[in-house]
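Dear colleague,

Please find below the sequence and the structure that I am handing over to you. My notes on what was found follow directly after them.

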Amino acid sequence: MDQQSLPPHVLIFPLPLQGPVNCMLKLAELLCLAGFHVTFLNTDHIQSRLLRHTDVQSRLKRYPGFRFETISDGLPEDHPRSGDRFIEIFDSLAATTKPLFREMLNSGCLSSDTARPVTCIIADGFLDFLLVVAEEIGIPLFYFDTTSPCSVLAYLSIPKLIDAGELPFNGNDLDAPIRSVPGMEAFLRRRDLPSLCRAGDLDNPVLKRVLTEVRLLPRTKGLILNTFEEIEGPILSHIRSHCPNLYAIGPLHAHLKFRVAEEMGSPASSSNSLWEEDTSCMTWLDAQPLKSVIYVSFGSMAVTTMENLMEFWHGLVNSGKRFLWVIRPDAIAGETWDRQTPAELQEGTKERGYIVGWAPQEEVLAHPAIGGFLTHGGWNSTLESIVAGVPMICWPYFADQQVNSRFLEEVWKLGMDMKDTCDRVIVEKMINDLMEVRRDEFMGSVDKMAKLARTSVSKGRSSYSNLDRLIEDLRSMSL
Ligand code: UDP
């Protein structure tokens with residue numbers, strides 16, 4: 001068959017973490033629905049966890065153009081790939097994965113009688129070495145930044161912050177205002193900048209990586225973001241001054257649901273979990289009254305201390321509210337926690353609480369018993385909560401979460417920012433405010449935002465049209 005008559009072939013390479021893998025797999029499905037061939041490239045480590053805990057392979061069989069490929073991340077199998085040591089993966093990817101990736105593209109092993117050689121690459125913005133290889137071989141590459149656009153703009157503004165003397169500030173005077181991030185002059189403080197900005201020097205490796213991404217961005221064909229125009233229009237306009245070709249195509253989980261229903265007539269089931277989902281919590285939720293439960297989860301990467309865990313636990317029990325709490329097996333720093341409930345918390349936890357190691361979060365947030373979300377403010381969690389119409393308390397851990405929690409409270413009015421404190425009295429008060437005292441105040445903006453988010457992915461609306469434009473651009477670059 002004439003290769004030119006075959007569909008475009010897009011290679012997608014996510015950052016090997018839960019959030020990006022989840023998000024990019026959803027984009028892969030959307031491109032498959034448009035008839036594309038998609039090769040989804042996972043590191044061996046991520047692929048083995050994904051296959052162990054999900055039925056993703058059988059689910060994706062419905063797309064004849066989809067396939068997984070794997071590549072080594074160069075780290076030994078017993079490396080934790082989490083917490084402070086995650087950063088080590090970047091050197092290892094550049095040293096080991098880069099030449100393997102080049103070889104993979106050059107060898108032609110990704111093409112077949114029915115699939116063209118790769119015509120376009122969609123890569124996480126943090127994987128800058130992919131752009132270098134793509135340019136050598138002559139394949140157009142798009143960045144997909146799976147973090148929040150408000151944090152992307154803060155990252156893009158780092159050179160300006162340095163020039164203006166607003167960085168570094170060595171973690172001091174965290175309430176001082178920040179003036180050099182456009183559109184955020186009125187409310188941004190040092191403590192709301194992405195966490196890497198708290199480092200005392202400009203030499204730290206994560207900051208250098210971000211600056212590389214900022215420098216390389218103009219060399220890509222465009223930037224894909226998991227957001228929708230209606231939530232962040234002014235922010236997106238500022239990002240366009242760095243990268244005019246922007247595609248806001250989210251919230252991707254809602255977008256995929258809409259398009260699968262449109263194309264296939266059945267709703268999408270789309271778990272891409274790297275942990276075993278404990279679905280028993282859904283049965284527990286079924287037995288709880290409407291909007292009575294606060295869901296607590298700090299995502300896939302946050303690691304806390306035993307001391308903080310106890311502050312949250314006391315706050316939750318003292319609030320008198322029902323709670324569903326995800327405590328990952330690796331969530332406590334440097335301690336082996338035996339998962340026993342402390343004696344003084346046993347009664348309150350047994351009466352009103354349910355604890356799991358990992359939950360089917362999208363389903364949980366959509367459950368009618370859920371009335372609030374105590375979250376770390378990861379961008380996927382934030383979008384999932386927005387679509388489900390659930391107000392939030394945000395306790396940011398790192399990366400974009402510090403900016404997200406400021407936007408949550410100050411700009412979107414969807415809940416409260418609890419950053420830089422962890423105290424049982426505050427936890428208890430905020431939970432009561434969210435679930436009861438200030439509930440009506442938050443629900444007005446929450447309902448409005450949920451409607452905007454859901455509408456944006458429907459036919460002809462902003463995210464739907466932006467995805468169509470991305471599909472057309474990927475098609476025309478494949479001619
Ligand atoms: N998640 C889940 N079950 C859990 C906790 C989290 O499925 O018990 C999913 C959640 O739905 C989200 C992702 O893990 O899609 C976490 O991504 P996010 O960007 O919120 O935070 P990160 O883990 O990257 O810090």
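Helices (H or I, at least four residues) and strands (E, at least two) are DSSP runs, numbered from the N terminus. Two strands pair if DSSP finds at least two bridges between them.

Please note that this is a predicted model, in which local features need pLDDT of at least 70 and side-chain atom pairs count only at pLDDT 80 or more, while totals for chains, interfaces and linings use all residues. Residues are numbered from 1 along each chain as its sequence is written.

**The sheet**

E8 and E11 belong to an open sheet of six strands, in the order E10-E9-E8-E11-E12-E13, with parallel pairing. Strand E10 (353-356) and strand E13 (415-417) stand at the edges with a single partner strand each, so one side of each has no neighbour in the sheet. On average, neighbouring strands of this sheet are turned by 15° against each other, direction ignored. Helix H17 (residues 424-437) packs on the sheet and touches E8, E11, strand E12 (392-394) and E13. The direction of H17 makes about 160° with that of E13; axes are lines fitted to C-alpha atoms, for helices over the stretch in contact, and angles run from 0 to 180 degrees between N-to-C directions.

**A residue in the edge strand**

Gly415 has its place in strand E13. Is Gly415 buried or exposed? Gly415 has 28 other C-beta atoms within 10 Å, and is therefore buried. A residue is buried if 20 or more other C-beta atoms lie within 10 Å of its own, exposed if 12 or fewer, and partly exposed in between, with C-beta atoms placed from the backbone. Leaving aside neighbours within four places in sequence, the contacts of Gly415 include Pro391, Leu408, Leu434 and Phe442. Two residues are in contact if their C-beta atoms, placed from the backbone, lie within 7 Å. Gly415 and Arg438 are 23 residues apart in sequence and 9.2 Å apart in space, C-alpha to C-alpha.

The protein chain is divided into domain 1 (3-272 + 457-477) and domain 2 (280-454); the bounds come from an automatic or database domain assignment. The C-alpha centres of the two domains lie 26 Å apart. In all, 31 residues of domain 1 are in contact with 29 residues of domain 2. On the side of domain 1 that touches domain 2, the elements giving two or more residues are H1, H6, H9 and helix H10 (252-264). H1 gives the most to that side, with four residues.

**An enclosed helix**

Eight of the eight residues of helix H6 (residues 149-156) are buried, so H6 is largely enclosed by the rest of the structure. The elements against which these residues pack include strand E5 (141-145), helix H7 (158-163) and helix H16 (401-411).

Yours sincerely
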